[in-house]
Amino acid sequence: MEKYVIRGGNRLQGEVTISGAKNAAVAILPAALLSDEPVIIENIPTISDIDWSIKILNCLGVEVRMLNRSTLWIDPKNITGHTVPYELAKNMRASYYFLGSLLGKIGVADVALPGGCDLGTRPIDQHLKGFAALNAVDSMENGIVHLETEHLTGNRIYFDMVTVGGTANVMMAACKADGLTIIENAAKEPHIVDLANFLNSMGADIMGAGTDVIKIRGVDHLHGTQYSIIPDQIEAGTFMVMAAATAGNVLIRNVIPKHLECITVKLQKMGVTVEEYDDSVRVIGGAPLQKANIKTLPYPGFPTDMQPQISTLLTLAEGISIITESIFDSRFKYVDQLRRMGADISVDGKVAVIQGTGRLKGAPVKATDLRAGAAMIIAGLAAEGITEIEDIHYVERGYDGIEKKLRALGADIKKVIIPEEAVLQQAR
Ligand code: EPU
């Protein structure tokens with residue numbers, strides 16, 4: 001096992017290039033199955049969720065070749081299976097996308113209920129409701145969701161809540177359904193639009209992605225394509241907060257500034273300078289940080305995936321800030337870790353009250369999930385002294401080479417191996 005060791009206090013300076021979007025890539029790889037010809041996908045981030053996606057594709061008989069560090073060639077012509085076993089599905093949330101893609105491709109799917117970050121209950125009832133509307137029947141045995149259909153048929157689907165996974169999953173299956181599917185109350189996240197663009201580049205007929213009504217007219221055949229994934233909104237937002245937390249000056253390259261607007265506006269309100277360019281943003285910290293109230297919402301609202309990072313920044317601000325988490329039931333697990341570093345935060349259900357103390361002190365902490373791990377890194381970079389972060393496998397699920405990128409910006413961060421004896425002692 002490994003941990004990050006950070007000596008805090010260095011101001012981040014220089015340039016960083018953002019990788020392809022995790023949450024787009026983990027949908028686009030399963031969607032590639034729908035093609036009848038090989039596809040090439042570029043700008044894929046090097047993260048463990050992609051490794052797991054490739055393992056699942058391989059287990060279904062799909063040929064995958066790595067053309068270079070960020071480009072994959074995927075040939076789904078000879079797909080042989082329709083089962084994603086628990087050993088693979090448990091490693092990431094996005095394994096649920098194989099339900100929609102297998103259903104669309106071959107009309108049958110057996111996918112173990114997905115794993116992923118523990119953010120409270122994460123049902124998939126809306127995905128199943130969508131598949132049922134498309135004329136698929138579902139059942140569940142031994143934790144495996146079974147879907148099958150004689151013939152997918154387009155239909156009107158209204159989601160009870162905005163769901164990213166549900167929208168993407170139904171969109172994939174509906175591409176191959178007979179006739180028109182209309183998804184209402186659809187998610188509008190940038191990765192939903194990216195997935196729709198990818199599917200359209202293979203010959204799908206999807207309109208309205210990025211609005212709350214998506215119309216999909218089914219087609220018989222999807223063909224090969226060469227497609228480049230959008231930059232990661234959350235990785236970019238995380239580096240923006242890192243620059244702000246260290247009173248740094250960082251040019252964040254390969255971003256879509258429009259996707260970052262809700263983060264930019266909050267940072268500016270807190271006293272951080274954010275300059276927008278065509279495909280980059282410069283973040284300059286150093287002015288006293290002001291308190292802010294933030295409520296997470298579906299896009300274009302403030303992303304839940306940035307909540308732990310911005311909350312950490314607010315511990316360094318003057319005054320009381322209130323954070324309301326409205327997407328997930330339990331996304332404040334990291335607060336106990338921040339308290340170890342001197343943060344003053346109280347949590348009541350989905351609301352956290354942060355009394356800014358202006359400073360954090362290094363301590364041993366752990367990543368409780370992916371974005372919580374990013375929050376610990378931010379805390380460590382800003383803190384006085386040394387912070388050691390365990391369970392960094394969570395961070396590696398979604399941030400491409402984060403410690404290398406941070407070192408290039410002047411951070412004092414290294415990854416060290418935890419001796420086996422120490423791991424065993426902790427387990428006792
Ligand atoms: N929900 C239901 N039933 C459903 C689907 C969702 O009740 O059938 C609820 C969820 O429990 C949650 C809310 O609806 O309370 C929104 O869930 P959503 O389906 O939008 O989330 P998700 O598909 O499970 C994706 C991202 C998450 C991100 C959320 C919200 C992927 C692989 N995961 O999850 O990303 O937080 O959308 O934007 O795309 C992360 O990257 O760190 C991460 C957790």
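Residues are numbered from 1 along each chain as its sequence is written, and side-chain values use heavy atoms, with hydrogens and water left out. In this predicted model, local features need pLDDT of at least 70 and side-chain atom pairs count only at pLDDT 80 or more, whereas totals for chains, interfaces and linings use all residues.

Helices (H or I, at least four residues) and strands (E, at least two) are DSSP runs, numbered from the N terminus. An open sheet of four strands has the order 10-11-13-12 and mixed pairing, where two strands are taken to pair if DSSP finds at least two bridges between them. Strand 10 (156–158) and strand 12 (205–207) form the edges of this sheet, as each pairs on one side only. From one strand to the next, the twist averages 15 degrees; the axes are lines fitted to C-alpha atoms, for helices over the stretch in contact, and angles run from 0 to 180 degrees between N-to-C directions. Within the sheet, strand 11 (residues 180–184) and strand 13 (residues 213–217) pair in the antiparallel sense over five bridges, and Ile-183 has Ile-214 of strand 13 as its bridge partner. In a regular strand the side chains alternate between the two faces of the sheet.

Strand 16 and strand 17 also pair in the antiparallel sense, over four bridges, and a hairpin joins strand 16 to strand 17 through three residues. The bridge partner of Val-274 in strand 17 is Val-283.

In helix 9 (residues 261–269), the buried residues are Cys-262, Ile-263, Thr-264, Lys-266 and Leu-267, where buried means under 20% relative accessible area, exposed over 50%, and partly exposed in between (1.4 Å probe, protein chains only). The cover over these buried residues of helix 9 includes helix 8 (233–245), strand 16 (273–276), strand 18 (294–295) and helix 10 (307–314). Just after helix 9, Gly-271 takes a positive phi of about 100 degrees. Helix 10 is itself mostly covered, with eight of its eight residues buried; among them are Gln-307, Pro-308, Ile-310 and Leu-314.

Ser-53 is classed as buried because its relative accessible area is 0%. Leaving aside neighbours within four places in sequence, Ser-53 is in contact (heavy atoms within 4.5 Å) with Val-26, Leu-29, Met-92 and Phe-98. Ser-53 and Met-92 are 39 residues apart in sequence, and their C-alpha atoms are 8.7 Å apart in space.

Lys-291 has its place in the loop between strand 17 (280–284) and strand 18. Lys-291 is classed as partly exposed because its relative accessible area is 48%. Not counting residues up to four places away in sequence, Lys-291 touches Leu-314, Ala-317, Glu-318, Gly-319, Ile-320 and Ser-321. The C-alpha atoms of Lys-291 and Thr-246, which lie 45 residues apart along the chain, are separated by 17 Å.

Grid points are joined across faces, edges and corners, and a volume is the space filled by probe spheres set on the points. The largest pocket has a volume of about 1100 Å³ and is lined by 49 residues, of which Arg-122, Val-164, Gly-165, Ile-327 and Phe-328 lie nearest its centre. The elements that give two or more residues to this lining include helix 1 (22–31), helix 5 (125–133) and helix 12 (370–382), and the largest share, four residues, comes from helix 1. The lining of the largest pocket divides into 25 nonpolar, 12 polar and 12 charged residues; Ala, Val, Leu, Ile, Met, Phe, Trp, Tyr, Cys and Pro count as nonpolar, Asp, Glu, Lys and Arg as charged, and the others, Gly among them, as polar.

The count comes to one cavity of 30 Å³ or more, and about 40 Å³ of space lies in the largest cavity. Residues lining the largest cavity include Ile-18, Pro-231, Asp-232 and His-259, and by class this lining has six nonpolar, three polar and one charged residues.

Notes
On a 1 Å grid over the protein atoms alone, a cavity is a set of points where a 1.4 Å probe fits but cannot get out, and a pocket is an open set with protein on both sides within 12 Å along at least five of seven lines; lining residues have an atom within 4 Å of a point.
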